[in-house]
Protein chains: 2
Amino acid sequence: MAGTEKKRGSATAAQAHEGTLITRGERKQRTRGTLLDAALKLMGEGRSFTSLGLREITREAGLVPTSFYRHFRDMDELGLALVEEGGLTLRRLLREARKDGMPVDDIIRGSVRVYLQYVREHHLQFLFIVGERMGGSAAIRRAIRTEVTHFTNEMAQDIQQLRLLPRELATNTLQMICGLVVSTMLNAAGDILDLPPKQAQLEHELIEQYVQQLRLVFLGATQWREKA
Amino acid sequence: MAGTEKKRGSATAAQAHEGTLITRGERKQRTRGTLLDAALKLMGEGRSFTSLGLREITREAGLVPTSFYRHFRDMDELGLALVEEGGLTLRRLLREARKDGMPVDDIIRGSVRVYLQYVREHHLQFLFIVGERMGGSAAIRRAIRTEVTHFTNEMAQDIQQLRLLPRELATNTLQMICGLVVSTMLNAAGDILDLPPKQAQLEHELIEQYVQQLRLVFLGATQWREKA
DNA sequence: AAGCATTGTCAACACTTGTACACTGAAATT
DNA sequence: AATTTCAGTGTACAAGTGTTGACAATGCTT
């Protein structure tokens, strides 16, 4: 599953003289990417991944149907590749947030703003993750769940290191809290991406609601006392 | 959409003498139900609604494909009927909870237990609602959202009447809180229904996590102060 | 009792789908 | 320079799809 790299090590005199580099494996990965992008694009047009067909995707990618098999055994395998890609996108979100640091005056509102901008920048990936998280095939749901759990744990770790919450919270508790935060934000992503365009008013209300929800969660977190 | 009742009022000598009542409209609604059940059953076997076909459903229902059109214009319309059915199931949940009253010693854990039992009793409906809430067709997502919003508002009303939270909370705030509660419980339903069977350990941990999350939310709610 | 309305059936249609197999051309290996 | 490997092509097929139209049976109306 991970490490489909072959070894492809030696790399003799491959990408030699012309501008467009041409080593074979690279070309392969490129059209593989074309397939993934085609799937995402179709989802962007309102289709759900589950309803996509192999032929539809190769058509969109400008390939002949049978080429599909050179890259994926079936649609489920392509879906798993998309999950992996999406997982990477999630990590990058945390990494960037960590680097930039959050606005200190209103951490939560700032975070939500940054988050939603990020969601929009990668809206196809989020469309896929949020849409298939509960509706997709068993294998894909499972994979997404794993990815989201990892994300949650990383977030918990970050919060601990940045001391954003009282540090007497047990690790389990912290994870539980982050689970709530993450599911809320995935929910938010789904709602926002589903909004009819150019509805600034509705959008603002939605955002404000999610800001409040997160405020509530963090308020609860600061008051939390471990059970007896 | 609502009120497909025709008038069917007069009801001459219809359900006359035999045990099985046979009035025409009744028969129709019965096979209509068979179609809905067939769709739900197929989902229960791991398929997602979006991936179901009209033929598949009539086959499962023991009908010929063309009969489908006597009841629904297309799959989307059947989906909307399922949403309506699901919405009804949600209301019943609130109604029963209201009637039974909650255990006073540990309201939250009790509620979660009752809720999850209810989810299991109607697992097909929840499978559908939770699964298509973010992944289905635009029309279906919209309908589910409406239904969930209504549910949320009813819940807010109940909480207010039962004085389960400090009554100085603004209506908006209360709805915001209930929104968080509802999305958390839908999330819970999705997780629980996706659990491999006979995994009592995992299940218990999951439940405990959701109990804690709701505790956190209510803790935050009792501490909430309206913004300036 | 006669006529109308409507649920369900049957046969057929034009497509689309996933997959198999043989083939081509060029990159990679020898 | 000769040979092997393999991403991408072309053709073909069996199976499944949504939809049409004409028809049968039976409940409902008058």
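Reader: Which residues are the closest to DNA strand C?
Author: First, the ground rules: residues are numbered from 1 along each chain as its sequence is written, and chains are lettered from A and ligands numbered from 1 in the order in which they are written. This is a predicted model, where local features need pLDDT of at least 70 and side-chain atom pairs count only at pLDDT 80 or more, while totals for chains, interfaces and linings use all residues. A residue is near a strand if its C-beta atom, placed from the backbone, lies within 6 Å of it. DNA strand C is surrounded by 21 residues, and the closest are A:Arg24, A:Gly53, A:Arg55, B:Thr31 and B:Thr66.

Reader: Which elements give two or more residues to the surface near DNA strand C?
Author: Helices are DSSP runs (H or I, at least four residues), numbered from the N terminus. Two or more residues each come from helix 2 (54-61) of chain A and helix 1 (24-44) of chain B.

Reader: And which residues come nearest to DNA strand D?
Author: Here, too, you'll find residues from both chains, 21 of them around DNA strand D. Helix 1 (24-44) of chain A and helix 2 (54-61) of chain B each give two or more residues to that surface. Coming nearest are A:Thr31, A:Thr66, B:Arg24, B:Gly53 and B:Arg55.

Reader: How do the residues on the side of chain A that touches chain B divide?
Author: Two residues are in contact if their C-beta atoms, placed from the backbone, lie within 7 Å. Chain A puts 31 residues into the contact, and chain B also puts in 31. Ala, Val, Leu, Ile, Met, Phe, Trp, Tyr, Cys and Pro count as nonpolar, Asp, Glu, Lys and Arg as charged, and the others, Gly among them, as polar. For chain A's side, that gives 11 nonpolar, 17 polar and 3 charged.

Reader: How are helix 5 of chain A and helix 5 of chain B arranged: roughly parallel or roughly antiparallel?
Author: Their axes (lines fitted to C-alpha atoms over the stretch in contact, with angles from 0 to 180 degrees between N-to-C directions) come within 7 Å and cross at roughly 165°. Angles under 35 degrees count as roughly parallel, over 145 as roughly antiparallel, 65 to 115 as roughly perpendicular and the rest as oblique. The two helices are therefore roughly antiparallel.
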